[in-house]
Amino acid sequence: MTARRLNLHGPDGCVLLAAVEETPVPETVTAVRTAVRLRLPDGGRVTDHHLRVAPPAPRPWPLLADVLVVRDPGRAGAAHLAPGAAVLALPQGPTECRMRCGPRRDAWVELGSGHAAVAPWEVWASLAHAWLVAGLPVRALAAVRAAPGGHPAASSAASRARTASARSVRFTPT
């Protein structure tokens, strides 16, 4: 199992804390059981458990996938392999990733080098799934600045100001 903690800073100043735990499925190297825990600005918590799969995964794993990550451009049409996937991530190299989040065809989000510098695209795809489960606006994920770790180092005054700011901001579902 691998674990990663991230601070996600929204454009409106709010901060979400995320913990992502990944456990490979023993029968295949391309399927991962993932748990994402989000601590929301209002103090609420969301825990999302899902299956993330990358082609070429043997059956039945793609059919069970909640998140599909397709790194090979030749497999861009592989979405049909995982018809129930809520998130389809299409990394376009090391500095760009397009993700369809949710069932709507227009629900595409583009992430860039700032995201890639903090975590691999697979982690961002899992965060997008948790984002959907939490009912947060998916487009806001593209504007998030991320930093590794639990709580950012800050003076207590700056921390109190950030906490007060976070309490005054509410994410609303799209």
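# Talking through a predicted model

Modeller: Happy to walk you through this predicted model. The protein chain exposes about 8,800 Å², and carbon and sulfur atoms supply 55% of that area.

Biologist: Thanks! What makes up the protein chain in terms of helices and strands?

Modeller: There are five helices and nine strands. Along the sequence they follow the pattern β-β-β-β-α-β-β-β-β-α-α-α-β-α. Of the 174 residues, 45% are buried.

Biologist: Why is Cys97 called buried?

Modeller: Buried means under 20% relative accessible area. Cys97 has a relative accessible area of 0%, so Cys97 is buried. You will find Cys97 in strand E7, residues 97-101.

Biologist: Which residues is Cys97 in contact with, leaving aside neighbours within four places in sequence?

Modeller: Among them are Ala89, Leu90, Pro91, Val109 and Trp121. A contact asks for heavy atoms within 4.5 Å.

Biologist: Is Gly10 buried or exposed, and how do you know?

Modeller: The limit for buried is under 20%, and Gly10 has 5% relative accessibility, so Gly10 counts as buried. Gly10 lies in the loop between E1 and E2. Its C-alpha atom is separated by 8.0 Å from that of Leu141, a residue 131 places away along the chain.

Biologist: Why do you say that strand E2 is largely enclosed by the rest of the structure?

Modeller: Strand E2 covers residues 15-24, and seven of its 10 residues are buried, so E2 is largely enclosed.

Biologist: Which sense does the pairing of E2 and E3 take?

Modeller: E2 and E3, the latter being residues 31-39, pair in the antiparallel sense over eight bridges. Thr23 has Arg33 in E3 as its bridge partner. This is a hairpin too, with six residues between the strands.

Biologist: What makes you say that the charged end of Arg98 sits over the ring of Trp108?

Modeller: The distance limit is within 6 Å of the ring centre, and the direction must be within 35 degrees of the ring normal. The charged end of Arg98 is 4.3 Å from the centre of the Trp108 ring and is counted as sitting over it.

Biologist: How confident is the predictor, going by the mean pLDDT of the protein chain?

Modeller: The mean pLDDT is 81, and 80% of the residues reach 70 or more. Over residues 151-174, however, the pLDDT is below 50, though this stretch has 30 contacts in the model beyond near neighbours in sequence. Where pLDDT is low, the predicted coordinates should not be read in detail.

How values were computed. Residues are numbered from 1 along each chain as its sequence is written. This is a predicted model: local features need pLDDT of at least 70, side-chain atom pairs count only at pLDDT 80 or more; totals for chains, interfaces and linings use all residues. Side-chain values use heavy atoms; hydrogens and water are left out. Helices (H or I, at least four residues) and strands (E, at least two) are DSSP runs, numbered from the N terminus. Buried means under 20% relative accessible area, exposed over 50%, partly exposed in between (1.4 Å probe, protein chains only). Accessible areas come from the Shrake-Rupley method with a 1.4 Å probe; for residues, only the protein chains shown count as cover. Two strands pair if DSSP finds at least two bridges between them. pLDDT is the predictor's confidence in each residue, from 0 to 100.
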